Amino acid sequence: MKFTVNWLEKYVDVNLPAADLADRLTMLGLEVDAVEPLFADLDKVVVAKIEKVEKHPNADKLTLCDVSIGTETKRVVCGAPNVRAGMLTALALPGAVLPGNFKVKPAKIRGEASDGMLCSEKELKISEQQSGIMDLPPDYTPGQSLVEALELSDTLIEVDLTPNRPDCTSVIGVAREIAGISSEKLNKPIADNLPKLTGSDSFTIEIQAADACPRYSAKLLKNVKLAPSPWWLQRTLLAVGLRPINNVVDITNFVMLEYGQPLHAFDFAKLSGAKIIVRKAVAGEKITTLDGTQRKLDPEMLLICDDEKPVAVAGVMGAENSEVNENTTEVLLESAYFNPISIRKTNRKLNLGTDASYRFERGIDPMGTVTALERASQLICEICGAEAEASGIDVNSDIKAPAPIKLRVQRTSDLLGVQFSAEELSTFLNGIEIKTEMLAPDTLQVFPPSFRVDLEREADLVEEIARLYGYNNIPTTLPVVPMSFSEQEPVRQMRNRIAGHMAAMGFVEAINYSFIAKQHFDLLGLTGQDELRKTVELLNPLSEDQSVMRTTLLSGLLDNVRHNVNRQNNDVRIFEIGKVFHPKKGEELPDEIIRLAAVFTGRRTPGSSLLHFGEKHADILDVIGTVEQLCTSLNIDGIDFKAVDNPPYASAGNFLTVSKEETILGVLGTFERSILENFGIKQEVFFLDLNITQFMTVKPKPIVFAPLSKFPAVKWDLAVVVPESVGGGDMIKEILASKQPYIVNAEIFDIYRGKSIEKDSKSVAIKITYHSIEQTLDDDQVKEVHQQIIDMLLSKFDGQLREI
């Protein structure tokens, strides 16, 4: 919301420097984004009278002008087509610095001296007009400062409003806030209690969608003379960034900014049947809006129509077919209240944000339509020479006043830490036009005004008191905190532990949106019946790319990989711990599951500026090792990896489940090359996807402390040739499960395929560690157990012993 200090002072005596005013507004909850003095750089631009014009001797399109600034006459070279003797214009004197840091200096132009620069409105950033130099009215004095002559000296303030304060999308709304804290009177241009509109013989209004348009007011003005607006009106609009168009349109824009009530002016002669119909669009219906764009409508969009055609998209933009122009003599002025949700949906679907829709979708004052209509009618009669009908039409679908709210005085005092009286609270609220009455000695009955759509409960009123009293005036006290340790949520503790372990292994944590695009499932190659495609759809998504709740974390991490690889960071290790959402049949809320997903790509050990670890790339074993290390850190043992049929996004033969006994904890594998190409990735990527919710059900291995043994351990090797289908992990598992004495560890140190090994077979070399806490083991003791292990492996896995 933009306004100027001079404009604000028309409604309330500010009596504050602009910087102090900005601070006061910010403390009221209206955060000020910018305070900008207007036209401060035009101090060396003056009003000048062109006394004489003659052709430039060396250029066909240039002229030589003798320009009077009162005390002296200057020779200036000018190229403007509208320059003429006797006109008043703007002259930038030597030394002036124009907007854009353009410095004006004496110069020779095609051999002729030029002592200054005659300026257009665009060159001075007054407006976008650049067809020629400024043509000023004849009542200005040569030599007078242009800023003074045009009353340009002002300060622009821009406020960043929160969505719950639509009342401050108007200058009067901001003035009301200032009046509330300064005890100054709020001066409104129109009285609040206007007579009701009783009807019109010239036109009719029919509301077919009362839920989307609870109130519609209109008035007919005749003998309208369209022309450029007077300078004060143009100056006001230009100061806040609006382009003057003509006097009628400028008045509607001015009143919208003044009262926060958008208005629209229809050329009455273009309305068929002298009728306004407010209805929903018909499927496939089209309209060409004022910006010249043809737009396709859907049945949820609200339209303003005449007896034959749509003439406006309600609350957003008018249509070309009813636009006022230089031939317009009769104007039907609209002032309506539209359902904010309806306008917001239309705005999003058409991608057409306007100043009007900005206000309607936040919720304007439903009781203020007639006041704004009357204000605009008076200005059109005054400026455009129009004659307004004695009355108009106001279709009101029984809009009810906001419900009263009880405000407890002591409760307010306790919450804010300041002792207030009922009279003080009433004074604060009355200052911003909120009426109150005593309900009980300690209770006020508060009547929220219709323009304050955000006041719904007692807490809202307490916040109003805090704003008006001043947050800085509320005393600061430290809360009393008991010296106790609050119970930690187990899921949060587990999440933090896992995140810490993953970071220790060199991973970087990613945080992605929980909303994704449906196209992600196509990119992952999922079939139409895949469980991951069963999603929770958002009713009001921010965009099509965030239309459903995610059912997997992997697609988001692949987007992260692409982002990194495209920026030449090819060594990526990232993880995310977050929720996925699966719809539950017969229930409104989805099933929320916490998962850990991680991706690897690039070198196994990226180098640094000091060390080089080689160019060996990560593989599936790195993923398995990460899961094993994570489980070890969480004291979870007995983890199994089993190859299973791969989903579409995983490479065949490189997809494994991670389980503990009969509980599947997750999966890991390699992404299919075609899936990576879908995401724009050209290098191999590995992944793991674990269910943290399931991890919470696994009982960790208890930590047992034991003294270090004084006896040494013994390590013996063996190599067994087994069929290719035998898993090395299964062999290790059987060795450890055999419960043979002295065995404390077993690990694979080599797998060999090749010469001397039959086809479809492999040699698995295993190192077994034997140890006793009671004695030093001799060869005979170890040999007996070692042989039993060999016999078990040969028998169970159809193997043959291979000499090492």
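Predicted model: local features only at pLDDT ≥ 70, side-chain atom pairs only at ≥ 80, totals over all residues.

Trainee: How much space lies in the largest pocket?
Mentor: About 2000 Å³.

Trainee: Which residues are closest to its centre?
Mentor: Ile-624, Glu-628, Ile-639, Phe-641 and Gly-729. They belong to a lining of 44 residues.

Trainee: Which elements give two or more residues to that lining?
Mentor: There are helices and strands. The helices are α16 (620-633) and α19 (728-737). The strands are β33 (639-643), β34 (650-660) and β38 (743-752).

Trainee: And which element gives the most to the largest pocket's lining?
Mentor: That's β38, with eight residues.

Trainee: How does the lining of the largest pocket divide by residue type?
Mentor: Its residues split into 18 nonpolar, 14 charged and 12 polar.

Trainee: Switching topic. How much space lies in the second largest pocket?
Mentor: About 1100 Å³.

Trainee: How many residues line the second largest pocket, and which lie nearest its centre?
Mentor: The lining has 38 residues. Nearest the centre are Asp-192, Asp-365, Met-367, Gly-368 and Ser-450.

Trainee: Which elements give two or more residues there?
Mentor: Look at α4 (171-182), α6 (247-259), α9 (369-384) and β24 (393-396).

Trainee: Which of them gives the most?
Mentor: α4 does, with three residues.

Trainee: Last one. How do the residues lining the second largest pocket divide?
Mentor: You get 16 nonpolar residues, 11 polar and 11 charged.

Definitions and conventions:
Residues numbered from 1 in each chain as written. Heavy atoms only, no water. 1 Å grid on protein atoms, 1.4 Å probe; cavity = no way out; pocket = protein on both sides within 12 Å on 5 of 7 lines; lining within 4 Å. Points joined across faces, edges and corners; volume = space filled by probe spheres on them. Helix = DSSP H or I, 4+ residues; strand = E, 2+ residues; numbered from the N terminus. Nonpolar A, V, L, I, M, F, W, Y, C, P; charged D, E, K, R; others polar.
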